[in-house]
Amino acid sequence: MAPPSSPDNSEEPLLPADAAGMQDDRPWYALRLFTLRQSEVAEHLKSLGLDIYIPMEYRDREDRTHHIRHELRPVVHNLIFIRKTMEEEELRTLLHGLDYKMAVIRKSRDRQDYCEIPAHQMQEFQAMCNPDILMKRYLSQEQARLKAGTPVRVTHGPLRGLQGKLVRSNKHYFLLKEIPGMAVMLKVTRWCCQPIGE
């Protein structure tokens with residue numbers, strides 16, 4: 001049986017086997033916003049030299065002339081991911097000095113230190129959020145925690161190398177990747193996934 005085709009009809013894996021050696025190994029933070037001005041905040045953070053990431057997806061919008069526009073829009077409007085390019089205290093001071101209501105997700109409610117997202121997890125999450133891949137769903141962190149599944153690694157096909165939780169939904173299998181703030185599910189073939197530890 002041949003490996004399944006890519007969700008975007010490409011046979012190239014989303015994660016090259018040697019990607020870990022080529023990528024920045026600094027962790028990321030999830031910044032929760034309490035304002036509707038996500039794009040403004042993002043531009044301001046970039047102007048301060050911070051590396052940011054916002055998951056995007058294509059959405060159809062009807063304009064004034066009743067034409068349908070296929071636009072790239074943020075998946076959620078209350079999150080911005082920031083790469084750790086400075087010490088935590090320095091970043092804390094920088095963010096507290098801004099005129100926006102926001103908070104970095106912490107390790108727990110009773111601790112002040114920020115929750116770090118390892119670089120390899122963030123890389124996999126970004127690959128799964130590729131807006132050209134259509135067979136996916138986004139979930140809140142709370143919804144993701146309710147999904148029962150098995151930790152797996154994808155061994156064949158364009159998703160090869162990705163790790164997550166194999167879950168079943170509406171008679172289909174999905175690879176679920178959860179990070180602080182949100183989660184994404186990509187449709188997969190069950191036989192391409194190997195339980196981690198086997």
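On this tour, two residues are in contact when they have heavy atoms within 4.5 Å of each other. Keep in mind that the model is predicted.

**Stop one: Tyr53.** Select Tyr53 and look at what surrounds it. Leaving aside neighbours within four places in sequence, Tyr53 is in contact with Trp28, Ile80, Phe81, Met122, Phe125, Gln126 and Cys129.

**Stop two: the core around it.** Now select Tyr53 together with Phe81, Ile117, Met122, Phe125 and Leu175: these have the most contacts inside the largest nonpolar core, which has 26 residues. Next, colour the elements that give two or more residues to this core, including strand E1 (28–33), strand E5 (79–83), helix H4 (119–128) and strand E10 (172–179). Strand E11 (182–188) is on that list too, and E11 gives the most, with four residues. Where does this core lie? It sits between domain 1 (25–128) and domain 2 (132–197), because both give residues to it.

**Stop four: two loops.** Most residues other than glycine have a negative phi. Pick His66, in the loop between strand E3 (56–62) and strand E4 (68–74): its phi is positive, near 65 degrees. Then jump to Asn170, in the loop between strand E9 (163–169) and E10, where phi is also positive, near 50 degrees. Are these residues buried or exposed? His66 has a relative accessible area of 61% and Asn170 has 60%, so both count as exposed, the cut-off being over 50%.

Methods:
Residues are numbered from 1 along each chain as its sequence is written. This is a predicted model: local features need pLDDT of at least 70, side-chain atom pairs count only at pLDDT 80 or more; totals for chains, interfaces and linings use all residues. Side-chain values use heavy atoms; hydrogens and water are left out. A nonpolar core is a set of buried Ala, Val, Leu, Ile, Met, Phe, Trp, Tyr and Cys residues joined through side-chain atoms within 4.5 Å. Buried means under 20% relative accessible area, exposed over 50%, partly exposed in between (1.4 Å probe, protein chains only). Domain bounds come from an automatic or database domain assignment.
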